[in-house]
Amino acid sequence: MKSQIKNKLRQILIGYIGLFPTLLIVLSVLKPVTKDLSFPVVVLIETIILVPLTQMASFPLAGWLFNRIRGEK
């Protein structure tokens, strides 16, 4: 049980490490393009970009970084 909680907390931390910088960069880049659009359209555009980017690049990179910091391979 303790191991499951530890693994879940690790996944949450990797999620934060992967999501925050990606979200910050994407929102900053898209702001000039999406400033005049309605909120639902902005959310749709950002979601279309963020989901594949985080799943294919940010989360694996964050997991690798987390393991490197902890000294795991």
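Begin by selecting Val42, Glu46, Leu50, Thr54, Ser58, Ala62, Gly63, Phe66 and Asn67: these are the buried residues of helix H2, where buried means under 20% relative accessible area (1.4 Å probe, protein chains only). Helices here are DSSP runs of H or I with at least four residues, numbered from the N terminus. An α-helix has 3.6 residues a turn, so residues three or four places apart point the same way. Among what covers the buried residues of H2 is H1.

A word on the model: it is predicted, with local features needing pLDDT of at least 70 and side-chain atom pairs counting only at pLDDT 80 or more, while totals for chains, interfaces and linings use all residues. Residues are numbered from 1 along each chain as its sequence is written, and side-chain values use heavy atoms, leaving out hydrogens and water.

Stay on H2 and centre the view on Thr54. Here H2 has a kink of about 55°, the bend being the angle between axes fitted to the seven residues ending at a residue and the seven starting there. From end C-alpha to end C-alpha, H2 spans only 40 Å, whereas a straight helix of 32 residues would span 46 Å at 1.5 Å a residue; the expected span is 1.5 Å times one less than the number of residues. Step just past H2 to find Gly71, with a positive phi of about 85°.

Now pick H1, residues 2-34. Its 33 residues reach 45 Å from first C-alpha to last, close to the expected 48 Å. Look at Ser28, where H1 bends by about 30°, with Pro32 following within four residues. The buried residues of H1 are Ile14, Gly15, Gly18, Thr22, Val26, Leu30 and Thr34, and helix H2 (39-70) is part of what covers them.

Which residues does Ile14 touch, its neighbours within four places in sequence aside? Select Phe59, Ala62, Gly63 and Phe66: Ile14 is in contact with each of them, contact meaning heavy atoms within 4.5 Å. Ile14 has a relative accessible area of 9%.

For the last stop, show the surface and colour Leu13, Ile17, Leu61, Trp64, Leu65 and Ile69, which form a nonpolar patch. H2 gives the most to this patch, with four residues, and Trp64 is located in H2.

Note on methods: Helix = DSSP H or I, 4+ residues; strand = E, 2+ residues; numbered from the N terminus. Buried < 20%, exposed > 50% of the residue type's maximum accessible area, 1.4 Å probe, protein only. Patch = residues over 30% accessible without salt bridge, like charges linked within 9 Å, V, L, I, M, F, W, Y side chains within 5 Å. Areas by Shrake-Rupley, 256 points an atom, 1.4 Å probe, with all protein chains shown as cover. Salt bridge = Lys/Arg side-chain N within 4 Å of Asp/Glu carboxyl O.
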